[in-house]
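This report looks at charged side-chain pairs. Inspect the model first, then read on.

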Amino acid sequence: MEQRSRRGFVTLAAATGGLLVAGTPAEAIPRHGRSLVTPHGSDRERVNKAIVRRAFTRQNSGGSFYEILDEHVVWTVVNGRTYDSRQEFLEEGSAPILTRLATYLHMTPQDLWADGDTVVARFEGDATALDGLPYHNEYCWVLTFRRDAVVRAHAYLDMVAVTELIERVEAPR
């Protein structure tokens, strides 16, 4: 699949993520003069976005974005599989990618939206693989928070890029 068509998927995923946040068509019509998008957002939305921003900063400083996941997070890779805990996701979902990288995955946020307890983060991830070649992916994560931790995630990403990495680079033993 060529690069341009893969980017189209991510754009579609970002739009879909936005639609998931908007809710039903009836909910899309503001009631009593209330706008769906407030200029400053609620306190909860500001806190949740700040948590995600700090997680990006931590990741880009050599730490882990995934520290914000609840122990019992339900993480779904759209068109992939669902993981029922942080440990399961880290071992079986992210490890097959991250262990094939020679550098940490640098996450560059492109867009960040919040609606109540949901944050939608669209970002690019870049690293150097163990074979010295670049790894690039585009992501859109729909993250649901409860008490300052992510309890549910829907991850949209370029699975072709993941498959190419896994097929090209052998996992370290």
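## What counts as a pair

A salt bridge here is a side-chain nitrogen of Lys or Arg within 4 Å of a carboxyl oxygen of Asp or Glu. Side chains of opposite charge can pair when their charged atoms come close.

The model is predicted. It holds 8 salt bridges.

## R173 and E170

R173 and E170 meet through their side chains, with N to O at 2.9 Å. That falls within the 4 Å cut-off, so the pair counts as a salt bridge.

Both partners face solvent by the area criterion. R173 has 91% relative accessibility and counts as exposed. E170 counts as exposed too, at 57%. The cut-off for that label is over 50%.

## E92 and R81

The side chains of E92 and R81 form a salt bridge, 2.8 Å from N to O. This pair links distant parts of the chain, 11 residues apart. E92 sits in helix α3 (residues 86-98). R81 sits in the loop between β1 (69-77) and β2 (82-83).

E92 is partly exposed, at 39% relative accessible area. R81 is partly exposed as well, at 35%. A network of salt bridges links R81, E88 and E92.

## R122 and D111

R122 and D111 form a salt bridge, and their closest N and O atoms are 2.7 Å apart. R122 lies in strand β4 (residues 118-128), while D111 lies in strand β3 (residues 106-115). The pair therefore ties together parts that are 11 residues apart in sequence.

D111 has a relative accessible area of 29%, so D111 is partly exposed.

Note on methods: Residues numbered from 1 in each chain as written. Predicted model: local features only at pLDDT ≥ 70, side-chain atom pairs only at ≥ 80, totals over all residues. Heavy atoms only, no water. Helix = DSSP H or I, 4+ residues; strand = E, 2+ residues; numbered from the N terminus. Buried < 20%, exposed > 50% of the residue type's maximum accessible area, 1.4 Å probe, protein only.
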